[in-house]
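Hi everyone, thanks for coming. Please have a look at the sequence and the model on the screen, and I'll walk you through a few spots.

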Amino acid sequence: MREQTIHPTIYAGLRKQKIDVDLIEKLVSERFGIGVYSIRNLRNRDNSLIEAKYVCYYFLYNHLHQTKTKIGKTYKRNHASIISALRRLEDWKDTDSAFNAKIQEVEKKLRFYQGLTIREN
C-alpha cells in the first residue's frame with residue numbers, strides 16, 4: 001500500500017468543512033446522479049435512489065457514528081429498516097465491484113473534506 005495525498009486540483013471547488021448529514025447527502029447524490037431531495041423522498045422506490053439512501057445510511061453510521069435509531073429518525077424509518085439496509089449494502093459491496101467503487105469514490109471525497117491522507121492499493 002502506498003500513501004498519497006489528494007492534490008487540490010483533483011476536487012476543484014471543494015473546501016474542507018465539517019462532515020454532516022447534508023454534506024454526505026450532497027456527495028452521494030452527486031455520485032449517483034440524483035437530486036438531494038430525492039434521497040429523503042419516501043415515495044420514490046427507484047433502484048438508484050434506494051442504493052443512494054443505503055449509502056447515506058452507511059456513511060452516517062460508519063463516519064458520523066450515528067445510532068441506527070437516529071438515522072431512522074432522520075429518514076423517517078424504523079431502526080430495524082436501517083439495520084436491514086446496512087446488511088443489504090454490505091452484501092452489495094461484496095458482490096458488486098461497480099457499486100463498491102461508487103462507495104469508495106464518495107469515501108475519498110469525505111476524507112478530502114476531513115483533510116485526511118488516502119491510502120491507495
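Let's begin where two helices meet. On the α3 side, the residues involved are I50, E51, Y54, V55, Y57, Y58 and Y61, and they touch I82, A85, L86, R88, L89, E90, W92 and K93 of α5. Sorted by type, this contact has eleven nonpolar residues, four charged ones and no polar ones.

Now, how do we describe such a pair? Two packed helices are described by the angle between their axes and the distance between the axes. Here α3 covers residues 47-62 and α5 covers residues 79-95; the angle is about 105 degrees, and the axes lie 9 Å apart. Angles from 65 to 115 degrees count as roughly perpendicular, and α3 and α5 are therefore roughly perpendicular to each other.

Next, please find H63, in the loop between α3 and α4. Is H63 buried or exposed? Its relative accessibility is 17%, and buried means under 20%, so H63 counts as buried. Leaving out neighbours within four places in sequence, H63 is in contact with Y58, E107 and L110. With E107 there is also a polar contact between the side chains, at 3.2 Å.

Finally, a word on confidence, since this is a predicted model. The chain averages a pLDDT of 82, and 81% of the residues score at least 70. Residues 1-14, though, stay under 50, with 22 contacts beyond four places in sequence in the model. Residues 117-121 are also below 50, and that stretch has 17 contacts beyond near neighbours in sequence. Where pLDDT is low, the predicted coordinates should not be read in detail.

Conventions. Residues numbered from 1 in each chain as written. Predicted model: local features only at pLDDT ≥ 70, side-chain atom pairs only at ≥ 80, totals over all residues. Heavy atoms only, no water. Axes fitted to C-alpha atoms, helices over the stretch in contact; angles between N-to-C directions. Helix = DSSP H or I, 4+ residues; strand = E, 2+ residues; numbered from the N terminus. Parallel < 35°, antiparallel > 145°, perpendicular 65-115°, else oblique. Contact = heavy atoms within 4.5 Å. Nonpolar A, V, L, I, M, F, W, Y, C, P; charged D, E, K, R; others polar. pLDDT = per-residue confidence, 0-100. Buried < 20%, exposed > 50% of the residue type's maximum accessible area, 1.4 Å probe, protein only. Polar contact = N/O pair within 3.5 Å; in protein donor to acceptor, adjacent residues only side chain to side chain.
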